[in-house]
Amino acid sequence: MAKAKIKSTVYKCTECGYTQPRWLGRCPQCGEWNTLEEAILDPNSNAAAFGKAATEKIKPLPLSQVSAQENSRLVTGIQEFDRVLGGGAMKRSAILIGGEPGIGKSTLMIQACAAIHKNCGGRILYVSGEESAGQIKGRSDRLGLTADGIEILCTMRLEDIKDALLALNPLFVIIDSIQTVYSVEAGIVPGTVNQLKYCANELIGWVKERDAVLVMSAHVTKEGTIAGPKSLEHMVDTVVSFERNDDEVRFLRAIKNRFGSVDELGIFAMTEKGLEGVGDPSTMFITKREGAIPSGIANSCVFEGSRAFLVEIQALTVPAKASISRVYSEKIDSNRVARVAAVLEKKTRLKFSDQDLYVNVAGGVKLTESAIDAALAAALYSARTDIPLSESNVILGEMSLAGEIRPVPRLKQRIKTARDLGFNQIAAPEKEEGAQKISNVSELVKRVFGEH
């Protein structure tokens, strides 16, 4: 005998949530008229996972009738964090923060919790699968934070987290970290591909239906990428990378952001009171020297989002230890260094093919802008010839394969920033007040190094 077909749709009251198999003009439970609407029974939906048997049937809506989201950002009060997120954390969004162990992810999270409760109120849920409640409380006390309004849940089970979310309905949720969470539905071993995807999908489904923000921290691999499947990054709305240099400086950069720019850079300094934002990084990456500037040093001005600051590019050339020269560069792409060196060798007849090239950036910030090409070329030329540049030098411009120095965006702001900081020996690809014009590599060498 054939099995009876299970009905997949019901009618749900929009006022009280009462469901029944057929449409009625009046809800039997609350007595309201014309409130029963068709809903779908989907056991695999996120709503069903959080205790809702029926979910509303989604219908198309004209784009012209959709209202833009206004006042939908949750401002954390941590200026550098809000800057990277695009002005604050967007409600109904999921954020993934990755960083190496000990960099300060948990410190940033507990500071964000305290700041949000102070500025916005509402309940905050901090889920920790790695630390005990005593450890988190100890960190909060050391940082002098107010713990009011913050609920701590130390568990690795997804089912416990879902129960807490339904009971508290928090405004801000921290999962520290997502790799420790597991569900019995996907096995009992945390950190597997299935566990990560399943648990993240359940949590993201919860936050998409509420005016809340979900933040998940994640470990990184030795290469600096977020550990786990790449699909985890596709599932969230924002992916933030937490980096550091050899000092106590931390860099926060958005790799993906559906609600803002990925060009902004947040800069923090680790102090006894936790992470403190660096509001003006203009001179942070310039080395202060008492004596003369050594050879192989050139300065440039870069933009990270809406902020301009000076950076010091350091270069060193030594005879190759093998028959093939190598490029050692972490903060600037090694392919770019090799390309600039090749153009210099072609246009200035300096030989770099038998040299090992070492390139660094003071302060540890990574540079990707094409505006640093001319400064990189000057640093390499200075290192190869052992001729130092002027102490007040700033060199701007993109370099083509033909040796041309090409214009860069927002040149006037870069020149103004350099001049305000006392750098008056400025070389740029366009004629501007306070700057010398350079149009190719030959003019760069002549202007910066004289007649050498």
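**Helices, cores and strands**

Q: How do you know that α9 and α11 cross, and at what angle?
A: The axes of α9 and α11 come within 11 Å and cross at roughly 65°. Here an axis is a line fitted to C-alpha atoms, for helices over the stretch in contact, and angles run from 0 to 180 degrees between N-to-C directions. Helices (H or I, at least four residues) and strands (E, at least two) are DSSP runs, numbered from the N terminus.

Q: What kind of model is this, and how are its residues numbered?
A: This is a predicted model, in which local features need pLDDT of at least 70 and side-chain atom pairs count only at pLDDT 80 or more, while totals for chains, interfaces and linings use all residues. Residues are numbered from 1 along each chain as its sequence is written, and side-chain values use heavy atoms, with hydrogens and water left out.

Q: What is the hand of the crossing of α9 and α11?
A: The crossing of α9 and α11 is right-handed. That term applies when the near helix is turned clockwise from the far one by less than a right angle, and left-handed is used if the turn is anticlockwise.

Q: What makes α9 and α11 partners in contact, and which residues are involved?
A: A374, A377, A378, Y381 and S382 in α9 meet L444, V445 and F449 in α11, where contact means heavy atoms within 4.5 Å. These residues divide into seven nonpolar, one polar and no charged. In that count Ala, Val, Leu, Ile, Met, Phe, Trp, Tyr, Cys and Pro are nonpolar, Asp, Glu, Lys and Arg are charged, and the others, Gly among them, are polar.

Q: Which residues of α8 and α9 meet, and how do the two axes lie?
A: The axes of α8 (residues 334–348) and α9 (residues 373–385) come within 10 Å and cross at roughly 65°; this crossing is right-handed. In α8, R336, V337, R339, V340, A341, L344 and T348 meet D373, L376, A377, L380 and Y381 of α9. The contact comprises eight nonpolar, one polar and three charged residues.

Q: What makes a set of residues a nonpolar core, and how many residues has the largest?
A: A nonpolar core is a set of buried Ala, Val, Leu, Ile, Met, Phe, Trp, Tyr and Cys residues joined through side-chain atoms within 4.5 Å. Buried means under 20% relative accessible area, exposed over 50%, and partly exposed in between (1.4 Å probe, protein chains only). The largest core has 46 residues, and those with the most contacts inside it are I313, I332, L367 and L380. Among the elements that each supply at least two residues are α8, β19 (355–361), α9 and α11 (441–449). α9 gives the most, with nine residues.

Q: Which residues does L380 touch beyond its neighbours within four places in sequence?
A: L380 is in contact with A315, T317, V337, V340, A341, L344, F352 and V359. A second, separate core has 32 residues, including I136, L171, F268 and L275.

Q: Why do β20 and β24 count as edge strands?
A: The open sheet has the order β20-β23-β24, with parallel pairing. β20 (393–395) and β24 (435–437) each have a single partner strand, so one side of each is left without a neighbour in the sheet. The twist averages 25° from one strand to the next.

Q: What makes β19 mostly covered, and which strands does β19 join?
A: Five of the seven residues of β19 are buried. Seven bridges join β17 to β19 in an antiparallel arrangement, with P319 partnered by Q355. Three bridges join β18 (residues 327–329) to β19, which run parallel, and Y328 stands opposite Y358.

Terms used. Two strands pair if DSSP finds at least two bridges between them.
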